[in-house]
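Reader: I am new to this structure. Please take me closely through one part, the place where the chains meet, and then show me what else belongs beside it.

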Number of protein chains: 2
Amino acid sequence: MTMNANPVRGTRDFLPNEMRVRDAMQSIILKTYLESGFSKIHTPIMEDLERLDKSDGGENLNLIFKILKRGQKLDLTKAELTENDLADSGLRFDLTLPLSRYFANNRNELRLPFKVIQIGEVFRAERPQKGRLREFYQCDIDIIGDETPQAEIELIHTTAKALLALGFKDFTVRINDRRILSAVIEKAGFAAADIPSVCITFDKLDKVGLEGVEKELKEKEFPAEAIARFMEILSKEDFSTIAQAVEYGADPEVADRLAKIMELCKELAGGQYNVEYDKSLVRGMGYYTGTIFEIVSPDFSGSIAGGGRYDKMVGRFLGEDVPAVGFSIGFERISEILLGKGAEFASSALRIALLYSAEDSFGEVIRRAEELRKEGYSVSTVLKAKKVGKQLGALERDGFKGAAFFGEEGVKIFENNN
Amino acid sequence: MTMNANPVRGTRDFLPNEMRVRDAMQSIILKTYLESGFSKIHTPIMEDLERLDKSDGGENLNLIFKILKRGQKLDLTKAELTENDLADSGLRFDLTLPLSRYFANNRNELRLPFKVIQIGEVFRAERPQKGRLREFYQCDIDIIGDETPQAEIELIHTTAKALLALGFKDFTVRINDRRILSAVIEKAGFAAADIPSVCITFDKLDKVGLEGVEKELKEKEFPAEAIARFMEILSKEDFSTIAQAVEYGADPEVADRLAKIMELCKELAGGQYNVEYDKSLVRGMGYYTGTIFEIVSPDFSGSIAGGGRYDKMVGRFLGEDVPAVGFSIGFERISEILLGKGAEFASSALRIALLYSAEDSFGEVIRRAEELRKEGYSVSTVLKAKKVGKQLGALERDGFKGAAFFGEEGVKIFENNN
């Protein structure tokens with residue numbers, strides 16, 4: 001009986017033609033980040049389960065793939081087993097928790113500010129849906145050890161540069177500060193402890209509108225007066241600017257800081273993309289402490305990049321707080337958009353096939369291939385088929401740009417070569 | 001209380017300076033493989049547990065990291081729970097099983113011979129020891145759909161080329177064919193069903209010597225006559241050549257095929273590395289069906305690359321056999337060797353720091369950084385410290401090659417720049 005060849009639910013295989021585009025995209029992103037003075041690191045995909053559980057990862061904590069204990073550590077005879085009896089580690093659901101742990105673990109080898117690149121896979125047991133794989137790449141840059149607005153500005157500028165280099169246009173950077181919304185919520189009369197829950201509801205404003213937000217807050221049984229006051233503020237048009245948020249409870253210093261970030265980001269954008277204050281921006285992760293931002297594109301319904309400041313996370317590992325801020329590109333989303341548009345990125349070498357016959361000396365064939373490689377071609381040795389014309393057509397459909405014949409001079413470049 | 005910041009047991013973090021070397025190494029390997037006409041693919045890290053269990057992966061089957069079922073599928077109330085009640089998927093332990101599944105899953109999109117590159121992480125719950133991480137990279141090339149010796153020759157030639165490009169010298173390619181050893185074992189009087197077990201013992205010849213092999217075969221209670229006959233053959237010097245293996249039971253056609261591969265590989269090596277027949281080469285994986293090979297280096301006690309022919313694996317998914325052969329570089333091992341030697345690979349851009357003061361306009365600082373990037377530098381903006389001389393020394397130790405000062409022309413390249 002043959003075995004099922006489908007990949008695990010929610011994961012997928014990538015074909016050579018897709019990989020050529022994806023690899024070119026990752027190269028462009030990486031090149032942009034390296035040029036901007038960031039350094040790449042690598043952390044394990046497996047993380048300690050306790051660390052993952054305590055990471056304030058919001059909804060993602062319910063989506064962790066847990067790894068079974070092994071050997072003696074796995075005791076199945078115990079009564080009333082819980083998941084934590086069975087698992088001791090899990091797959092990372094983002095690159096921020098591993099980075100915070102990494103920074104604490106390697107603190108003595110690193111200099112501040114630490115400007116860092118991570119390109120790697122993360123795992124979430126989500127209900128598979130379009131654009132939401134369970135195993136997917138994120139491309140992150142973070143700056144650890146810089147509390148100034150310069151850190152936010154540099155991350156936003158550099159992430160936007162990477163998207164521009166990939167050919168994205170008309171995208172919008174949305175910015176907010178968690179503390180503005182929190183202050184407004186508290187001023188409206190909610191208890192400080194309820195702020196995260198109110199934020200989660202408020203995050204749905206785009207989808208359910210003001211009425212939907214009001215309905216959910218009532219279902220959560222918050223004080224009617226606080227809800228009424230909050231709705232009153234939200235319905236005021238002038239709450240849409242940072243300056244006016246101060247009137248409704250935001251700290252003027254926080255508002256000033258955000259305004260400064262906005263101003264310089266807009267200036268650096270030079271009209272190539274939009275930068276907007278978004279009063280309803282929340283971002284799901286519980287670990288954000290200040291500025292939060294995301295990038296939306298007219299090509300995709302959700303955000304294609306997201307990030308923010310998380311000044312309290314490194315401290316959990318290190319014992320003292322170190323300011324940190326990061327921006328993550330959702331690689332699968334931008335890759336889906338660009339592959340959908342048929343984007344092609346120039347590769348450095350022309351891929352050609354070197355056709356040979358079974359009678360040819362294979363040693364000589366390889367030597368000829370090496371000559372062509374020295375001329376700059378990527379050369380695949382391919383046994384000649386009986387119907388060479390048909391074979392050439394098939395090679396062209398496979399993405400080959402030309403062919404050479406063993407024993408003949410020169411390279412035939414396919415006419416439709418694009 | 002602070003959380004433990006150590007990575008999960010058997011895994012490790014990689015520092016920026018290590019990553020620069022590792023990424024340069026992976027680029028060199030990938031470039032060699034692409035130039036040679038192979039195409040990159042990507043498969044998920046998670047695989048179906050049943051597939052992993054039935055993969056003939058030898059010892060590795062005991063080292064699988066298993067992933068806990070989620071939601072309703074995880075029933076902890078059942079009596080006498082087994083691991084298979086708890087887990088439905090696992091982390092891949094090599095790239096060969098995923099490739100075989102991939103080929104069957106995407107058969108209609110792929111043309112034969114399929115020459116394929118995989119660079120990715122694999123996971124084995126081994127006892128952590130030097131050079132044996134639990135999460136590590138392999139760099140594989142495989143050819144699917146070519147039963148001729150050309151496939152083996154091309155894989156060996158191309159893998160050796162990648163190692164030469166990385167600066168490896170004096171390495172040795174050891175080659176054997178599973179069928180030669182199997183025939184000799186059977187001819188000596190062992191039952192066909194016992195061949196794998198005899199092979200596992202014989203694999204230890206290098207470590208335990210002939211006497212050790214004899215001892216273990218006796219412990220396994222094989223017929224004394226077969227053991228005696230096998231020992232007699234092994235002790236003959238003339239069993240050390242392929243041609244003479246035929247006298248002791250090997251199929252002449254298999255021996256001829258191997259001799260042909262050896263001859264051409266030696267010719268292509270052109271004296272840059274050694275190619276040897278190794279009668280005691282077994283390779284651990286149960287799925288190999290013919291030629292097997294590995295590469296050993298004087299710099300490392302184990303092999304740094306290994307592979308072989310696995311003509312029966314794709315068939316388990318596809319329902320019909322498709323010939324396949326692969327060669328895998330153990331990336332962590334070669335990376336450990338080269339990092340240990342202090343290898344540096346030229347990077348395309350000089351990394352410099354652009355020092356600025358808190359009073360400088362940060363927008364102008366970024367614009368100056370962009371100018372320098374256009375000149376070809378990788379530029380990190382860094383706030384000037386009070387003691388600039390000390391700061392420059394620290395930047396140099398961090399791997400920066402020079403520095404520029406905002407408001408001044410030119411770039412100061414560090415003198416010790418290497």
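Author: Start with a term. A salt bridge is a side-chain nitrogen of Lys or Arg within 4 Å of a carboxyl oxygen of Asp or Glu. By this rule, the count over all chains is 67 salt bridges. The model is predicted.

Now the meeting of chain B and chain A. Together they bury about 8000 Å² between them. Carbon and sulfur atoms carry 58% of that area. Chain B brings 91 residues to the contact, and chain A brings 91 residues. Three residues stand out on the side of chain B: M3(B), H42(B) and M46(B). They supply 10% of the area that chain B buries against chain A, more than any other three residues.

What holds charge to charge here? Between chain B and chain A the count is 10 salt bridges. One of them joins R101(A) to D13(B). Their closest N and O atoms are 2.6 Å apart. Sorted by class, the side of chain B that touches chain A has 41 nonpolar, 21 polar and 29 charged residues.

Salt bridges also occur within a chain. In chain A, the side chains of E371(A) and R368(A) meet in one, at 3.0 Å from N to O. Both residues sit in helix α14 (residues 362–374) of chain A. They are separated by about one helical turn, because they lie three residues apart in that helix.

Next, a helix pair in each chain. In chain B, helix α5 (residues 149–165) packs on helix α11 (residues 252–269) at an angle of about 35°. Their axes are 10 Å apart. The crossing of α5(B) and α11(B) is right-handed. From α5(B), the contact uses P149(B), E152(B), I153(B), I156(B) and H157(B). From α11(B) come R257(B), I261(B), L264(B), C265(B) and L268(B). By class, this contact has seven nonpolar, one polar and two charged residues.

Turn to chain A. Helices α5(A) (residues 149–165) and α11(A) (residues 252–269) pack at about 35°, with axes 10 Å apart. Their crossing is right-handed. P149(A), E152(A), I153(A), I156(A) and H157(A) of α5(A) make the contact with R257(A), K260(A), I261(A), L264(A), C265(A) and L268(A) of α11(A). By class, the contact of α5(A) with α11(A) has seven nonpolar, one polar and three charged residues.

Definitions and conventions:
Residues are numbered from 1 along each chain as its sequence is written. Chains are lettered from A and ligands numbered from 1 in the order in which they are written. This is a predicted model: local features need pLDDT of at least 70, side-chain atom pairs count only at pLDDT 80 or more; totals for chains, interfaces and linings use all residues. Side-chain values use heavy atoms; hydrogens and water are left out. Axes are lines fitted to C-alpha atoms, for helices over the stretch in contact, and angles run from 0 to 180 degrees between N-to-C directions. Helices (H or I, at least four residues) and strands (E, at least two) are DSSP runs, numbered from the N terminus. A crossing is left-handed if the near helix is turned anticlockwise from the far one by less than a right angle, and right-handed if clockwise. Contact means heavy atoms within 4.5 Å. Ala, Val, Leu, Ile, Met, Phe, Trp, Tyr, Cys and Pro count as nonpolar, Asp, Glu, Lys and Arg as charged, and the others, Gly among them, as polar. Buried area is the accessible area (1.4 Å probe) that two parts lose on being put together, summed over both.
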